[in-house]
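Here are my notes on this model, as numbered points. Please read them with the structure open.

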Amino acid sequence: MVAGVTVSFVFAAERRQLILEMVRANGAVSLRELARVVQTSEVTVRRDVRALEAEGLLDRRHGGAVLPGGFTRESGFPQKSHLATAEKTAIADLAANFVEEGEAIVVGAGTTTQELARRLARVPGLTVVTNSLLVAQALAHANRVEVVMTGGTLRGSNYALVGSGAEQSLQGLRVSRAFLSGSGLTAERGLSTSNMLSASVDRALVQAAAEVVVLADHTKLGTDTMFQTVPTDVITRLVTDEPPAHDDRAATELQALADQGVQIAVAGAPGGSAGAGSAGGEGSSAARQQRRDVPLPGPRRQGPGLRSATVGLGTDQAAGAERGARVADLRRR
(Lines give C-alpha, C1' and ligand atoms only; values in the text may rest on other atoms or scores of the structure.)
Protein backbone atom coordinates (compact mmCIF):
# COMPACT_ATOMS: atom_id res chain seq x y z
CA MET A 1 0.00 0.00 0.00
CA VAL A 2 2.82 2.33 0.92
CA ALA A 3 4.66 1.41 -2.26
CA GLY A 4 1.59 2.22 -4.31
CA VAL A 5 1.29 5.65 -2.74
CA THR A 6 4.99 6.27 -3.39
CA VAL A 7 4.69 5.34 -7.06
CA SER A 8 1.62 7.55 -7.43
CA PHE A 9 3.49 10.44 -5.84
CA VAL A 10 6.45 9.97 -8.19
CA PHE A 11 4.16 9.91 -11.21
CA ALA A 12 2.42 13.09 -10.02
CA ALA A 13 5.75 14.83 -9.40
CA GLU A 14 7.02 13.93 -12.87
CA ARG A 15 3.75 15.00 -14.46
CA ARG A 16 3.75 18.35 -12.67
CA GLN A 17 7.36 18.98 -13.61
CA LEU A 18 6.49 18.40 -17.27
CA ILE A 19 3.49 20.72 -16.98
CA LEU A 20 5.68 23.40 -15.44
CA GLU A 21 8.29 23.04 -18.19
CA MET A 22 5.62 23.39 -20.89
CA VAL A 23 4.23 26.56 -19.35
CA ARG A 24 7.70 28.05 -18.93
CA ALA A 25 8.53 27.27 -22.55
CA ASN A 26 5.28 28.58 -24.04
CA GLY A 27 4.01 31.23 -21.63
CA ALA A 28 0.45 29.86 -21.77
CA VAL A 29 -0.88 26.35 -22.39
CA SER A 30 -4.45 25.06 -22.41
CA LEU A 31 -5.57 22.25 -20.11
CA ARG A 32 -6.57 20.30 -23.18
CA GLU A 33 -3.06 20.52 -24.60
CA LEU A 34 -1.44 19.70 -21.26
CA ALA A 35 -3.64 16.62 -20.88
CA ARG A 36 -2.71 15.48 -24.38
CA VAL A 37 1.04 15.84 -23.80
CA VAL A 38 1.15 14.21 -20.35
CA GLN A 39 -1.39 11.59 -21.46
CA THR A 40 -3.91 11.97 -18.69
CA SER A 41 -7.35 13.49 -18.15
CA GLU A 42 -8.10 17.20 -17.94
CA VAL A 43 -9.45 16.60 -14.42
CA THR A 44 -6.04 15.30 -13.31
CA VAL A 45 -4.22 18.13 -15.07
CA ARG A 46 -6.50 20.69 -13.44
CA ARG A 47 -5.60 19.21 -10.04
CA ASP A 48 -1.89 19.42 -10.90
CA VAL A 49 -2.23 23.02 -12.03
CA ARG A 50 -3.94 23.93 -8.76
CA ALA A 51 -1.06 22.37 -6.82
CA LEU A 52 1.53 24.25 -8.87
CA GLU A 53 -0.42 27.49 -8.45
CA ALA A 54 -0.45 26.98 -4.67
CA GLU A 55 3.36 26.85 -4.83
CA GLY A 56 3.45 30.11 -6.80
CA LEU A 57 4.98 28.44 -9.87
CA LEU A 58 2.20 29.28 -12.33
CA ASP A 59 -1.26 30.87 -12.54
CA ARG A 60 -4.52 29.26 -13.62
CA ARG A 61 -6.19 31.21 -16.41
CA HIS A 62 -9.40 30.44 -18.34
CA GLY A 63 -9.02 26.77 -19.14
CA GLY A 64 -5.23 26.72 -19.01
CA ALA A 65 -2.08 27.73 -17.18
CA VAL A 66 0.15 30.78 -17.64
CA LEU A 67 3.35 32.15 -16.23
CA PRO A 68 2.81 33.92 -12.90
CA GLY A 69 2.54 37.70 -12.85
CA GLY A 70 -0.65 38.50 -14.77
CA PHE A 71 0.83 39.18 -18.22
CA THR A 72 1.90 36.29 -20.38
CA ARG A 73 5.10 36.55 -22.36
CA GLU A 74 5.22 35.89 -26.07
CA SER A 75 6.07 32.39 -27.26
CA GLY A 76 8.22 31.75 -30.29
CA PHE A 77 6.78 30.32 -33.52
CA PRO A 78 7.96 26.70 -32.89
CA GLN A 79 6.09 26.62 -29.58
CA LYS A 80 2.98 28.37 -30.90
CA SER A 81 2.71 26.07 -33.91
CA HIS A 82 2.16 23.06 -31.63
CA LEU A 83 -0.42 24.67 -29.35
CA ALA A 84 -4.19 24.24 -29.83
CA THR A 85 -3.67 22.95 -33.37
CA ALA A 86 -7.14 21.41 -33.69
CA GLU A 87 -8.77 24.62 -32.45
CA LYS A 88 -6.77 26.76 -34.89
CA THR A 89 -7.75 24.49 -37.77
CA ALA A 90 -11.46 24.77 -36.90
CA ILE A 91 -11.19 28.56 -36.54
CA ALA A 92 -9.43 28.90 -39.90
CA ASP A 93 -12.04 26.68 -41.58
CA LEU A 94 -14.83 28.93 -40.35
CA ALA A 95 -13.04 32.24 -40.91
CA ALA A 96 -12.48 31.38 -44.58
CA ASN A 97 -16.25 31.53 -45.08
CA PHE A 98 -16.18 35.27 -44.39
CA VAL A 99 -13.93 35.96 -47.40
CA GLU A 100 -15.53 36.54 -50.80
CA GLU A 101 -14.25 36.37 -54.36
CA GLY A 102 -12.47 39.46 -55.57
CA GLU A 103 -11.97 40.98 -52.12
CA ALA A 104 -8.91 42.85 -50.94
CA ILE A 105 -7.99 41.98 -47.34
CA VAL A 106 -5.10 42.27 -44.92
CA VAL A 107 -3.90 39.27 -42.91
CA GLY A 108 -1.64 39.74 -39.90
CA ALA A 109 1.08 37.48 -38.54
CA GLY A 110 0.35 34.41 -36.42
CA THR A 111 -0.06 30.66 -36.52
CA THR A 112 -3.87 30.92 -36.77
CA THR A 113 -3.73 33.43 -39.62
CA GLN A 114 -1.25 31.13 -41.35
CA GLU A 115 -3.87 28.37 -41.19
CA LEU A 116 -6.42 30.80 -42.65
CA ALA A 117 -4.05 31.70 -45.50
CA ARG A 118 -3.79 28.07 -46.55
CA ARG A 119 -7.55 28.04 -47.08
CA LEU A 120 -7.61 31.38 -48.88
CA ALA A 121 -5.53 29.92 -51.71
CA ARG A 122 -8.80 28.61 -53.15
CA VAL A 123 -10.56 32.00 -53.30
CA PRO A 124 -10.36 33.42 -56.85
CA GLY A 125 -9.53 37.06 -57.48
CA LEU A 126 -8.38 37.66 -53.90
CA THR A 127 -5.77 40.27 -53.00
CA VAL A 128 -3.99 39.67 -49.67
CA VAL A 129 -1.80 42.31 -48.04
CA THR A 130 0.36 40.89 -45.25
CA ASN A 131 3.45 41.49 -43.14
CA SER A 132 3.81 37.75 -42.49
CA LEU A 133 6.30 35.64 -44.43
CA LEU A 134 4.37 32.53 -43.38
CA VAL A 135 1.09 33.89 -44.77
CA ALA A 136 2.82 34.87 -48.01
CA GLN A 137 4.42 31.44 -48.27
CA ALA A 138 1.05 29.72 -47.81
CA LEU A 139 -0.30 31.72 -50.76
CA ALA A 140 2.84 31.69 -52.92
CA HIS A 141 1.55 29.08 -55.37
CA ALA A 142 -2.08 30.24 -55.50
CA ASN A 143 -2.29 31.46 -59.09
CA ARG A 144 -5.64 33.22 -58.53
CA VAL A 145 -4.49 35.18 -55.45
CA GLU A 146 -2.34 38.29 -55.52
CA VAL A 147 -0.06 38.72 -52.51
CA VAL A 148 1.25 42.15 -51.48
CA MET A 149 4.02 42.21 -48.86
CA THR A 150 4.72 45.17 -46.62
CA GLY A 151 8.23 46.46 -46.16
CA GLY A 152 9.93 46.44 -42.80
CA THR A 153 12.46 44.61 -40.66
CA LEU A 154 12.18 40.86 -40.24
CA ARG A 155 11.31 39.71 -36.72
CA GLY A 156 12.59 36.17 -36.65
CA SER A 157 10.55 34.87 -33.72
CA ASN A 158 7.32 35.00 -35.72
CA TYR A 159 8.58 35.58 -39.30
CA ALA A 160 6.86 38.96 -39.51
CA LEU A 161 7.93 42.30 -40.96
CA VAL A 162 7.76 45.09 -38.39
CA GLY A 163 8.99 48.62 -37.81
CA SER A 164 8.50 51.94 -39.57
CA GLY A 165 9.01 50.42 -43.01
CA ALA A 166 6.05 48.09 -42.52
CA GLU A 167 3.84 50.83 -41.11
CA GLN A 168 4.68 53.34 -43.84
CA SER A 169 3.92 50.83 -46.60
CA LEU A 170 0.37 50.55 -45.24
CA GLN A 171 -0.36 54.27 -45.36
CA GLY A 172 -3.10 55.14 -47.85
CA LEU A 173 -4.19 51.50 -48.15
CA ARG A 174 -7.90 50.61 -47.98
CA VAL A 175 -9.29 47.06 -47.89
CA SER A 176 -12.56 45.46 -46.86
CA ARG A 177 -11.39 43.35 -43.90
CA ALA A 178 -8.44 42.75 -41.62
CA PHE A 179 -7.86 39.29 -40.13
CA LEU A 180 -5.72 39.45 -37.01
CA SER A 181 -4.63 37.25 -34.15
CA GLY A 182 -2.83 38.11 -30.93
CA SER A 183 -1.66 36.89 -27.53
CA GLY A 184 -4.78 37.76 -25.55
CA LEU A 185 -8.34 39.05 -25.82
CA THR A 186 -10.54 40.64 -23.17
CA ALA A 187 -13.79 42.58 -23.33
CA GLU A 188 -12.16 45.36 -21.35
CA ARG A 189 -9.06 46.00 -23.52
CA GLY A 190 -9.71 44.11 -26.73
CA LEU A 191 -6.92 42.32 -28.57
CA SER A 192 -3.39 42.59 -27.22
CA THR A 193 0.09 41.22 -27.83
CA SER A 194 3.34 40.94 -25.90
CA ASN A 195 5.57 42.75 -28.39
CA MET A 196 5.54 46.50 -28.99
CA LEU A 197 6.71 46.37 -32.64
CA SER A 198 4.13 43.74 -33.56
CA ALA A 199 1.39 45.75 -31.84
CA SER A 200 2.29 48.88 -33.80
CA VAL A 201 2.09 47.09 -37.17
CA ASP A 202 -1.18 45.40 -36.22
CA ARG A 203 -2.66 48.84 -35.46
CA ALA A 204 -1.58 50.00 -38.92
CA LEU A 205 -3.26 46.95 -40.47
CA VAL A 206 -6.48 47.79 -38.61
CA GLN A 207 -6.42 51.37 -39.88
CA ALA A 208 -6.42 50.08 -43.46
CA ALA A 209 -9.57 47.97 -43.05
CA ALA A 210 -13.29 48.72 -43.02
CA GLU A 211 -13.93 45.71 -40.74
CA VAL A 212 -11.76 43.84 -38.25
CA VAL A 213 -12.02 40.08 -37.72
CA VAL A 214 -10.10 38.61 -34.78
CA LEU A 215 -9.09 34.95 -34.78
CA ALA A 216 -8.50 33.67 -31.24
CA ASP A 217 -8.88 30.24 -29.66
CA HIS A 218 -10.58 29.96 -26.26
CA THR A 219 -7.26 29.85 -24.34
CA LYS A 220 -6.68 33.51 -25.26
CA LEU A 221 -10.05 34.67 -23.93
CA GLY A 222 -9.57 36.63 -20.73
CA THR A 223 -5.79 36.77 -21.21
CA ASP A 224 -4.34 40.28 -21.07
CA THR A 225 -0.91 41.14 -22.46
CA MET A 226 1.12 44.32 -22.50
CA PHE A 227 0.33 46.12 -25.75
CA GLN A 228 -3.21 46.78 -26.98
CA THR A 229 -3.66 46.32 -30.73
CA VAL A 230 -7.44 46.51 -31.32
CA PRO A 231 -9.87 48.05 -28.81
CA THR A 232 -13.08 46.09 -28.35
CA ASP A 233 -15.25 48.75 -29.98
CA VAL A 234 -13.24 48.43 -33.23
CA ILE A 235 -13.58 44.62 -33.48
CA THR A 236 -16.33 43.61 -35.91
CA ARG A 237 -16.22 39.86 -35.38
CA LEU A 238 -14.47 37.25 -33.26
CA VAL A 239 -13.96 33.77 -34.70
CA THR A 240 -13.16 31.32 -31.92
CA ASP A 241 -13.64 27.70 -30.89
CA GLU A 242 -16.08 26.17 -28.42
CA PRO A 243 -14.76 26.60 -24.85
CA PRO A 244 -14.71 23.46 -22.70
CA ALA A 245 -17.89 22.90 -20.70
CA HIS A 246 -16.11 23.61 -17.39
CA ASP A 247 -14.60 26.90 -18.61
CA ASP A 248 -17.23 29.29 -17.30
CA ARG A 249 -14.87 32.25 -17.41
CA ALA A 250 -14.25 31.89 -21.16
CA ALA A 251 -18.01 31.72 -21.76
CA THR A 252 -18.47 34.82 -19.58
CA GLU A 253 -15.80 36.66 -21.60
CA LEU A 254 -17.54 35.72 -24.84
CA GLN A 255 -20.81 37.11 -23.53
CA ALA A 256 -19.08 40.30 -22.40
CA LEU A 257 -17.65 40.76 -25.89
CA ALA A 258 -21.09 40.16 -27.39
CA ASP A 259 -22.58 42.71 -25.00
CA GLN A 260 -20.25 45.29 -26.51
CA GLY A 261 -21.40 44.52 -30.04
CA VAL A 262 -18.75 42.06 -31.22
CA GLN A 263 -20.22 39.42 -33.52
CA ILE A 264 -19.21 35.97 -32.24
CA ALA A 265 -18.69 33.03 -34.58
CA VAL A 266 -17.89 29.76 -32.80
CA ALA A 267 -16.37 26.90 -34.77
CA GLY A 268 -17.32 23.33 -34.02
CA ALA A 269 -15.35 21.40 -31.41
CA PRO A 270 -12.30 19.45 -32.65
CA GLY A 271 -13.47 16.40 -34.51
CA GLY A 272 -16.95 17.87 -34.68
CA SER A 273 -18.90 19.67 -37.36
CA ALA A 274 -16.30 22.18 -38.54
CA GLY A 275 -15.37 21.19 -42.06
CA ALA A 276 -13.21 22.70 -44.73
CA GLY A 277 -13.71 26.41 -45.20
CA SER A 278 -15.07 26.93 -48.68
CA ALA A 279 -14.95 30.28 -50.34
CA GLY A 280 -18.07 32.27 -50.06
CA GLY A 281 -19.86 34.88 -48.04
CA GLU A 282 -21.55 34.65 -44.74
CA GLY A 283 -24.70 33.36 -46.33
CA SER A 284 -23.05 30.15 -47.49
CA SER A 285 -24.47 26.93 -46.10
CA ALA A 286 -21.08 25.90 -44.67
CA ALA A 287 -20.87 29.11 -42.68
CA ARG A 288 -24.39 28.67 -41.35
CA GLN A 289 -23.75 25.06 -40.32
CA GLN A 290 -20.45 25.77 -38.55
CA ARG A 291 -21.41 28.96 -36.74
CA ARG A 292 -23.02 29.27 -33.34
CA ASP A 293 -23.96 32.89 -32.82
CA VAL A 294 -24.04 34.46 -29.37
CA PRO A 295 -27.01 36.81 -28.86
CA LEU A 296 -26.45 40.50 -28.35
CA PRO A 297 -28.35 41.87 -25.35
CA GLY A 298 -27.48 45.50 -26.10
CA PRO A 299 -26.02 47.94 -28.60
CA ARG A 300 -22.34 48.43 -29.26
CA ARG A 301 -20.58 50.59 -26.74
CA GLN A 302 -20.40 54.17 -27.91
CA GLY A 303 -17.05 55.83 -28.35
CA PRO A 304 -16.38 59.56 -28.52
CA GLY A 305 -18.47 61.13 -31.24
CA LEU A 306 -20.08 57.86 -32.32
CA ARG A 307 -23.77 57.22 -32.74
CA SER A 308 -25.30 54.13 -31.17
CA ALA A 309 -25.20 51.18 -33.56
CA THR A 310 -27.03 47.88 -33.20
CA VAL A 311 -25.08 45.13 -34.94
CA GLY A 312 -26.92 41.86 -35.51
CA LEU A 313 -25.13 38.53 -35.70
CA GLY A 314 -25.07 36.50 -38.88
CA THR A 315 -24.77 39.48 -41.24
CA ASP A 316 -21.85 41.13 -43.02
CA GLN A 317 -23.68 44.46 -43.29
CA ALA A 318 -21.58 46.78 -41.14
CA ALA A 319 -22.37 50.44 -40.93
CA GLY A 320 -19.56 51.78 -43.12
CA ALA A 321 -19.61 55.33 -41.86
CA GLU A 322 -19.63 54.24 -38.24
CA ARG A 323 -16.83 51.75 -38.84
CA GLY A 324 -14.83 54.56 -40.44
CA ALA A 325 -15.45 56.67 -37.36
CA ARG A 326 -14.22 53.87 -35.10
CA VAL A 327 -11.05 53.50 -37.17
CA ALA A 328 -10.55 57.27 -37.09
CA ASP A 329 -10.99 57.13 -33.34
CA LEU A 330 -8.36 54.37 -33.19
CA ARG A 331 -5.90 56.59 -35.09
CA ARG A 332 -6.32 59.32 -32.49
CA ARG A 333 -5.51 56.96 -29.59
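This is a predicted model: local features need pLDDT of at least 70, side-chain atom pairs count only at pLDDT 80 or more; totals for chains, interfaces and linings use all residues.

1. Across the protein, the average pLDDT is 76, and 71% of the residues score at least 70. The lowest confidence falls in helix α11 (residues 285-290), with a mean of 38. The highest is in strand β4 (residues 104-107), at 98. Residues 1-7 also have pLDDT below 50, and this stretch has zero contacts in the model beyond near neighbours in sequence.

2. **Salt bridges, and one across the chain.** The model has 10 salt bridges. One of them joins the side chains of Asp48 and Arg16, at 2.8 Å from N to O. This pair links distant parts of the chain. Asp48 sits in helix α3 (residues 42-54), Arg16 in helix α1 (residues 2-26), and 32 residues separate them. Asp48 has a relative accessible area of 0%, so it counts as buried. Arg16 is at 26%, and therefore partly exposed.

3. **A pair between two loops.** Arg189 and Asp224 form a salt bridge through their side chains, with N to O at 2.5 Å. Again the pair links distant parts of the chain, 35 residues apart. Arg189 is in the loop between β10 (184-186) and β11 (190-193). Asp224 is in the loop between β12 (209-215) and β13 (227-230). Why is Asp224 classed as buried? The cut-off for buried is under 20% relative accessible area, and Asp224 is at 19%, so it falls within that class.

4. Arg119 and Glu115 meet in a salt bridge at 3.1 Å, N to O. Both lie in helix α6 (residues 111-120), four residues apart, which is about one turn of the helix.

5. **Helix α5.** Asp93 is also one of the buried residues of α5. How many of the 11 residues of this helix (residues 85-95) are buried? Eight are, so the helix is largely enclosed by the rest of the structure.

6. **Ser183.** This residue is placed in the loop between β9 (175-180) and β10. Is Ser183 buried or exposed? Ser183 counts as buried because its relative accessibility is 17%. Leaving out residues up to four places away in sequence, Ser183 touches Ser192, Thr193, Ser194, Lys220, Thr223 and Thr225.

7. **A nonpolar surface patch.** Which residues form the nonpolar patch on the surface? They are Leu133, Met149, Leu154 and Tyr159, and together they have about 330 Å² of accessible area. Leu133 lies in helix α7 (residues 133-138). Its relative accessibility is 34%, so Leu133 counts as partly exposed.

Methods: Residues are numbered from 1 along each chain as its sequence is written. Side-chain values use heavy atoms; hydrogens and water are left out. A salt bridge is a side-chain nitrogen of Lys or Arg within 4 Å of a carboxyl oxygen of Asp or Glu. Buried means under 20% relative accessible area, exposed over 50%, partly exposed in between (1.4 Å probe, protein chains only). pLDDT is the predictor's confidence in each residue, from 0 to 100. Contact means heavy atoms within 4.5 Å. Patches are made of residues with over 30% relative accessible area and no salt bridge: like charges are joined within 9 Å, nonpolar side chains (Val, Leu, Ile, Met, Phe, Trp, Tyr) within 5 Å. Accessible areas come from the Shrake-Rupley method with a 1.4 Å probe; for residues, only the protein chains shown count as cover.
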